[in-house]
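Let's take a walk through this two-chain model together. Have the sequence and the 3D view ready, and follow along one stop at a time.

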Amino acid sequence: MKTKSRGHQLIKILLLAFFIVSIILPLFSIFIKVAETNIVDIFKSPQFLTVIKNSLISTTLAAFISVALAGMAAWFLLRSNLKFKKILLILFTMPMLIPSISHGTGLVVLLGANGVLTNLFNLNFNIYGLTGIVLGSLLYSFPVALLMFYDVFKYEDCSVYTSANVLGIPKYSQFLKITLPYLRKPLISIFFAVFTLIFTDYGVPLMVGGKFMTLPLYMYNEVIGLLDFGKGAVIGLVLIVPAFVAFILDLLNKDNAAMSFVNAEYIIAKNKVRDVIASIYSFILSLGLMLPILTFAFLMFIKKYPIMIEFSMTHITRAMDMGLNKYLVNSIIIAIFTALVGTTIAYITAYYTSRVGGKQMRFYHLISMVTLAIPGIVLGLSYVLFFKGSFIYGTLAILILVNIIHFFSSPYLMAYNALGKLNPNYENVAKTLGIKNIHLIKDVFVPQTLSTILEMFTYFFVNAMVTISAVSFLSSLSNQPLAMMIPNLESMMLIESISFVSIVILVVNLLMKMLIYVIKVGLAHLKRKGDVYEMNLNRKEFDILTLLDKEKDGNFTQRKLAEKCNVSVGTINAALGTLNEKGYLDDQNHITDKGYEALEPYRVKRVVIIAAGFGSRLVPLTINTPKPLVRVNGVRIIDTILDAVTAVGIEEIVIVRGYLKEQFDQLLYKYPQIKFIDNPYYNEANNISSAMCARHLLQNAYVLEADLVVYNPDLITKYQYTSNYLGVKTDLTDDWCFQTKNNIITKLLVGGRNVYHMYGISYWNEQDGEKLAEDIKNTYELPGGKERYWDQVALEYCKDHYKIEVRECSFDDIIEIDSYADLKKIDPHY
Amino acid sequence: MGHFMEVSHLHKIYGDKVVLNKVDFTLEEGEFLSVLGPSGCGKTTLLKLLIGIEQQTSGTIKLNGEDISKLDSSKRHMGIVFQNYALFPNMTVLQNVEYALKFQDQYKKEAKKIALQVLEQVGLKEHINKRIDQLSGGQQQRIAIARTLALKPAVILFDEPLSALDAANRLTMRKEIKQIQKQYNSTIIYITHDQEEAFTMSDRIMVMSEGHIEQIDTPINIYNHPQNDFVKEFVVDHLQTKLNDLKKCMVSIDENEI
């Protein structure tokens, strides 16, 4: 056997090189720099300690509030009957589409000295400082926390709650004893993830920090302002700590999390009070989250709020003069390439780690996940240290690279999980069929993980558009992305221009998200195109196609068709023309593949024969023989049915048997495809019990009573248009019969005039068959249900669920053998 | 006279554990051979070595006189049907069978035609343009079988294909597999841990435990003349118990009837 293909080896080496150059070596540079620096002095400085203290206080505060608010919001979204949930989810997560620095700006425009709300409500407080940082961080981190909680609640196994409800455990107790313990581990994960996010962000403090200096801003100033890389590196190390802790916690938690495969969905109980609270809460929350964005949209057109409230394009033109167009193009190029290259590398890496496996692969897996533990600005600094002076420095390429690494772990995990879920035997199948793995990936894996790939792409793109962390130290006026324009504008106090830039970024992200959504919908539509379950033939088309199918070996003329369908030759010709146009018939009027596809929903797939009864009126014959096996003129009664059925090629035959059931086994010699269902209640209940046993098998199925001698096998056809019962038009009968209107059965009677005498041969289409499963069960379980006849379910007790036609036949077509006298009439031997 | 398939001294070591211990057996054309044994007996390893997914430590496999022991999986003229079928849900039924043919030089040009033929023969003609998930488990298995049949394998291997099915489906599927065998006169090696299954389906059964063959013979002979304690307990006693339970059931029913 060949050794592992060269291609695989090459790719693995390239990946290794990639990870070493883009993650390991740059990180080393940080450590080296730290080693060169006088750490002790830095740590001793009172400023440093103050900054750490500030960071810890503000982050902890903001994280707590954010997690609490997000937890409640997620709970309301998934566990209450809140209206407009989809819209709320979009509003709640929209803040993710703008940079953190924009959130800080949002606070300034709303609550700053000249803020909109400040002026509206005559507020008098200082947004700068701890308050501002907490509020800004809240806006920034809320969507992330929400999505994490959403996942946690969504994938909780809710069968516990159902059991608790049945046991009568009160809701508050359920919350304390079930929900909270379940939340414990994820809560810690989420808290630390949010903590890290806020702890390492400098955008919000830059805008509203005022004199309250935090660690990332401190690092930003040292590196950008004072070019003190050593100090920057040391601060960077401190910033890694919470990220690293969060990473470890996540790792530990994931192993213990029970990913149940069978997730019972939560059944939301009715609770008006809870829903009202949820609505108010969600409304206030969405208002708070959207207010900055709305204010941006408003401010960018206002000359000078609040002094000159008139329409003006000044801020927009100023931003454009300052190079917005160029930076926008930069951003889009960076974002697209980050998304394309990042998705590809993450997907390939995930393919190797999830499906190829092996000791080597654990390293790749670890490296891919570790990127989560490196804060953006630390990564950025490491790239400065490692790549400075190289050809890649100062180009768009280095920004693309740093973004790919910075945002790598989430898309990687998405691909890892998606690929891991696919059938584990694909590679073996490929080996035995001589299919190379690369083709497997292209033709089998990628198509099946398309939605994941789109999600990965979106994640990379959106994050690359809004990031100001990893790119901060690597941007210069030549290559900077649009988001980096904002810190520059901030130093010039051009708040309105910042509003405009924020809106531009938002719009680009929204457009991309919509594009991806459209693609997703388009793909789903394409997938469904192949489905053949649409019943889109009208009655005439159906009649003609089925006749042509029946006569396909013989000759037919339009005249013959017209006769059989009871219409003029002209009508037939027109119909044939239409069928040809639709592609169902070819030019020789033979049915095409497409025509057969169109007929497929009407094809009878199964026959259910009810044969469980005793046949008391045929005693003494039925003491040793069940009625369906009694011979009439040498032929078993049931054989007339079975022969008619097999003649039209109906695949499945199900016989519900009860009395003397083992005698039915002899049928298998002649009809090996029969499946038996045993009805143990045949003695205690009427034939509704047999229908109960077979109730899940009635879609596209004939149901026949086994004591009917079918003299006219043409009654059993291969295709049926819709659910129907056989009936003979008659003036008077004293047996079961139906009244009809427009060919639809309106009432079931015993004895009547001008009715259709009923024969127990019916057909049920797919929808009606499905409904019957439920209706039979419900009728059976009613008091007295067991004494009913199964026909009464659809024709009497649940009749408004159905529109059943009567299919006309004659008395000669079928003979019902009810009594010994009936038998003697037909078969003189008795 | 050469046998259709000859396995000689097939030996496999994982680390320091002997998983397959110098296994010898032969197979005739058109035969249905079950490999029956408890988990860990080596039957899955045997399967992997035969089909070429893994390499043996030593020993040879000969098919039709040709030594295939060192050949690639795809060159061994063997097909395999896995427990979970491993069909491609993003392709239609027809495309699933066509796909494999496209990579074989000798079938490339007529891939669609051959695929249609095979699908018609297994009774799936009317479903060729459907997606996999629109079909029942039994139909899906027929597609998996069709996919291997299209390449005209000399031997078809089945890897516990029915373990994941419920009892009613299992019975139906057994019949279907036998039907297909008759239709194609296929040579089949069928891995299972279910004694009943092996008994009702096979021409011969190869009972394995702990990496070696305990007995290889027709079902009747194994039942009547188990060669050692393992075979007696694993096969005969087990079936005997089932039979006795059934008999007891029948007796009580008869008693109640009267």
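## A glycine in a helix

A:G71 is found in helix α3 of chain A, which covers residues 46–79. Helices here are DSSP runs of H or I with at least four residues, strands are runs of E with at least two, and both are numbered from the N terminus. A:G71 is buried, at a relative accessible area of 12%. (Buried means under 20% relative accessible area, exposed means over 50%, and partly exposed is in between, using a 1.4 Å probe and protein chains only.) Leaving out residues up to four places away in sequence, A:G71 touches A:F149 and A:F153, where contact means heavy atoms within 4.5 Å.

A quick note on the ground rules: this is a predicted model, where local features need pLDDT of at least 70, side-chain atom pairs count only at pLDDT 80 or more, and totals for chains, interfaces and linings use all residues. Residues are numbered from 1 along each chain as its sequence is written, chains are lettered from A and ligands numbered from 1 in the order in which they are written, and side-chain values use heavy atoms, with hydrogens and water left out.

## Where the two chains meet

How many residues of chain A are in contact with chain B? It's 33 residues of chain A, and they meet 32 residues of chain B. The two chains bury about 3,000 Å² between them, with 53% of that on carbon and sulfur atoms. Buried area is the accessible area (1.4 Å probe) that two parts lose on being put together, summed over both.

The rule finds three salt bridges across this interface. A salt bridge here is a side-chain nitrogen of Lys or Arg within 4 Å of a carboxyl oxygen of Asp or Glu. In one salt bridge, B:E126 pairs with A:K718 at 3.7 Å, N to O. On chain A's side, α20 (426–433), α21 (437–448), α24 (495–529) and β7 (674–678) each supply at least two of the residues that touch chain B. There's also a network of salt bridges linking A:E600, A:R603, A:K718, B:E126 and B:K130.

## A covered helix

Now look at α20 of chain A, where seven of the eight residues are buried. Among them are A:Y426, A:E427 and A:N428. The cover over the buried residues of α20(A) includes α15 (324–356) and α21 of chain A, plus α1 (43–51), β6 (78–81), α2 (93–102) and α4 (137–149) of chain B. Just after α20(A), A:G434 takes a positive phi of about 75°.

## Charged pairs within each chain

Side chains of opposite charge can pair when their charged atoms come close. Over all chains, the count comes to 36 salt bridges. In chain A, A:K304 and A:E496 meet at 3.2 Å, N to O. This pair links strand β1 (residues 302–304) with helix α24, 192 residues apart. A:K304 is partly exposed at 33%, while A:E496 is buried at 6%.

Chain B has its own examples. B:R142 and B:E176 form a salt bridge at 2.9 Å, N to O, joining helix α4 to helix α5, 34 residues apart.

## Cysteines on their own

How many disulfides are there over all chains? Zero, by this rule, which asks for a pair of cysteine sulfur atoms within 2.5 Å.
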